[in-house]
Amino acid sequence: MPTVMWFRRDLRVNDNPALNAAIESARESGDGTVALMTMIDSALWPTWGAAKQAYLVDSLQELNASLDGYLTVCHGDPRDEVVRVAVAANATEVHCAADFTTIGIERDREVGELLAAHGIKLVITGSGYAVAPGRVLKPDATPYRVYTPFYKGWLAHGWRAAAPYVGPAQWISPVPSVPLPAVALPVGMQRSLAGEAEAMRRWEEFRSNGVRDYKELRDRADLDGTSRLSTHLKWGEVHPRTLLQDLGDSPGEEHFRKELAWREFYADVLFHNPHTITEYLNPAFAEMEYDRGPIADARFEAWTQGKTGYPFVDAGMRQLLTEGWMHNRVRMVTASFLVKDLHLEWQQGAAWFFELLKDADYASNQHGWQWTAGCGTDAAPYFRIFNPVMQGQKFDPDGEYVRKYIPELRHIEGSKVHEPWLLPDGYAQGYAERIVDHHVERDESLRRLQAIKRD
C-alpha cells in the first residue's frame, strides 16, 4: 500500500530517516508508491516574517525539483490536509520527523488520532538533531541547564550514523498542489540561495577553506570565518549529523562541533521549559526595572534601524536588514546593547530578530537572547556587559565590517571608524550621534541588577 511523506523542517532528500522509512515501508507492502507533501500552515505562516517566508518558498522549490516535481504543497490546517492527502492516496502510513515544540507535539498527537480514525498510522522517525531533545540527562535524570556538562553528556550519548538515501521510489500526487505563495522580501534585503544542494556546497567550501581556522576566526565579523550553515540547519536542508560525520579532532573542527552542540543544548532547554519562548528562564529578572514610554520606544526604533551611534552595533543591525542574517558575535553585542544599554526587555529584541532572521528558530533565538540578557542558562551572566566600542576594535580591527554596512562612515579609515565622535569629520556624512553613553548605562544596569538581588 502507498505511504505519505510529510516534509516539515527536513527539506532534503539525503540523510532523511523519515523519507527513507516512508520509501522502505511502501516497498515492503509490495506497492512501492509514496506521496510527497508539505504544509503551508495557515495558523503559523502569518506569524513569520517575510524573510523566512521567502526563504521557505525558495527551499521548497529546490526540494520539489529534487523530487521530480512530485512535492504536493497544501495550504490550511495540517489536521485537515494531512488526513485529506493520506485518504486520497489510500495510504496506510504517514511518515514525518519529530517536532519537539509544544505546538508541534500537540499537533502531531491530534493528527495521529485523526489518521487513526481512518485506519492510517502516523510514523515519526528521526528529528532535526543529532541527539533529540530530552535524551541527554544528568545522572539524577534531570535536564541540564548549563552548557559545558550538557556538551560532555551529549558527546557521551553519541548519535547515529548518517542514513544514506534509499530512494527514489514511485512518487505519486494524490491531490492537486496549491501554488507556493508569492512573497516579497523586505525592502533592501537580499535573497539567499536555498536548498539542499546549496547547503552541501557551502559545507564543502567551509570544510576545505574555513573549518581548520574556525576557532581563531569565528568571532571576526570582518572575515568569512563562520560556516553560514545556520539557515540550512534551521530548515533541515542538511542534517547536523551529516556535518558531524565529516569532523575530525583539529581545534577548529572541535570548536565547530561545540557550536553544533549549542544548537542542540538550546533545543533541549526549550523542550524542558516551553514557557521560555516568552518568559524568563530565571524568573527573578522579570522583576527588574526596564525602560518604557516614548523615549524607550524611540531608542528601540533607532536600534532596529542601525542608528544608535555605535558603529559596531549599527553595522550588525544593518546587516540584519540587508541580509536577513547577522554574524554571531555581533548578535551578542547588539543584544547586550538593547538589554543593558537601553534597558529594554529581551523579548523585544528577540521578536525583531525572529521577524528578520532567515535562520531564526525559537530555541536558538530565544535562548541566545536570554543568555546575553543574563536571565538564561549561563551560571554568572549578568555582569557580562559588552562594550560596543571595544568589541568592534577587537573583532573588526580595521573597520571593514563597519564600512561595509554603514556608508556614512566610509570616509574614515582603519579602526578610527569605531569612534567617529573623536574625529572632526566623524559626522560629516550624516552618521547618527550616540543615543546613550555606554559607560553611564553600564553602571545603571549593574545598579538595577543589585536591586533585584536585594529583593
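Let's start at Thr334, which has its place in helix H13, residues 328-341. Helices here are DSSP runs of H or I with at least four residues, strands are runs of E with at least two, and both are numbered from the N terminus. The model is a predicted one, in which local features need pLDDT of at least 70 and side-chain atom pairs count only at pLDDT 80 or more, while totals for chains, interfaces and linings use all residues. Residues are numbered from 1 along each chain as its sequence is written, and side-chain values use heavy atoms, with hydrogens and water left out.

Is Thr334 buried or exposed? Its relative accessible area is 0%, so Thr334 is buried; the word means under 20% relative accessible area, with exposed meaning over 50% and partly exposed in between, for a 1.4 Å probe and protein chains only. Leaving aside residues up to four places away in sequence, Thr334 touches Trp303, Val313, Met317, Met326 and Phe353, where contact means heavy atoms within 4.5 Å. Helix H13 also holds Lys340. With a relative accessible area of 0%, Lys340 is buried. From Lys340 to Gln245 the C-alpha distance is 40 Å, and the two are 95 residues apart in sequence.

Now turn to helix H6. Which residues of H6 are buried? They are Glu196, Glu198, Ala199, Arg202, Trp203 and Phe206. These residues cover an arc of only 160 degrees around the axis, which puts them on the same side of H6; the arc is that of the directions from the helix axis to the C-beta atoms. The face of H6 turned away from the buried side carries the exposed residues Ala197 and Asn209. What do the buried residues of H6 pack against? Their partners are helix H7 (214-217), helix H8 (230-234), helix H9 (240-244) and helix H10 (251-272).

Aromatic rings come next, and the structure holds 31 aromatic pairs. Rings of Phe, Tyr and Trp (its six-membered ring) pair if their centres lie within 6.5 Å; planes under 30 degrees apart count as stacked, over 60 as edge-to-face and the rest as tilted. Trp154 is buried at a relative accessible area of 0%, whereas Trp159 is partly exposed at 28%. The rings of Phe206 and Phe256 also form a tilted pair, because their centres are 5.2 Å apart and their planes stand at 55 degrees. Phe206 lies in helix H6 and Phe256 in helix H10, so this pair ties together parts that are 50 residues apart in sequence. Phe206 is buried at 2% relative accessible area, and Phe256 is buried at 4%. Ring pairs also link Tyr144, Tyr147, Phe150, Tyr151, Trp154, Trp159, Trp262, Phe265 and Tyr266 into a cluster.

Charges meet rings here too. The charged end of Lys52 sits over the ring of Phe354, 3.9 Å from its centre. That of Arg434 sits over the ring of Trp421, 3.9 Å from the centre. To qualify, NZ of Lys or CZ of Arg must be within 6 Å of the ring centre and within 35 degrees of the ring normal.

Most residues other than glycine have a negative phi, and most peptide bonds are trans. The peptide bond from Gly167 to Pro168, however, is cis, with omega near 5 degrees. Pro168 is in the loop between helix H5 (147-157) and strand S6 (170-172). Ala141 is not a glycine, yet has a positive phi of about 70 degrees; Ala141 lies in the loop between strand S5 (121-124) and H5, and is exposed at 53% relative accessibility. Arg228 has a positive phi too, near 60 degrees, and its place is in the loop between H7 and H8.

Finally, strand S2 (residues 33-41) and strand S3 pair in the parallel sense over six bridges, where pairing requires that DSSP find at least two bridges between the strands. Met39 stands opposite Cys74 in S3. Strand S3, residues 71-76, is mostly covered, with five of its six residues buried.
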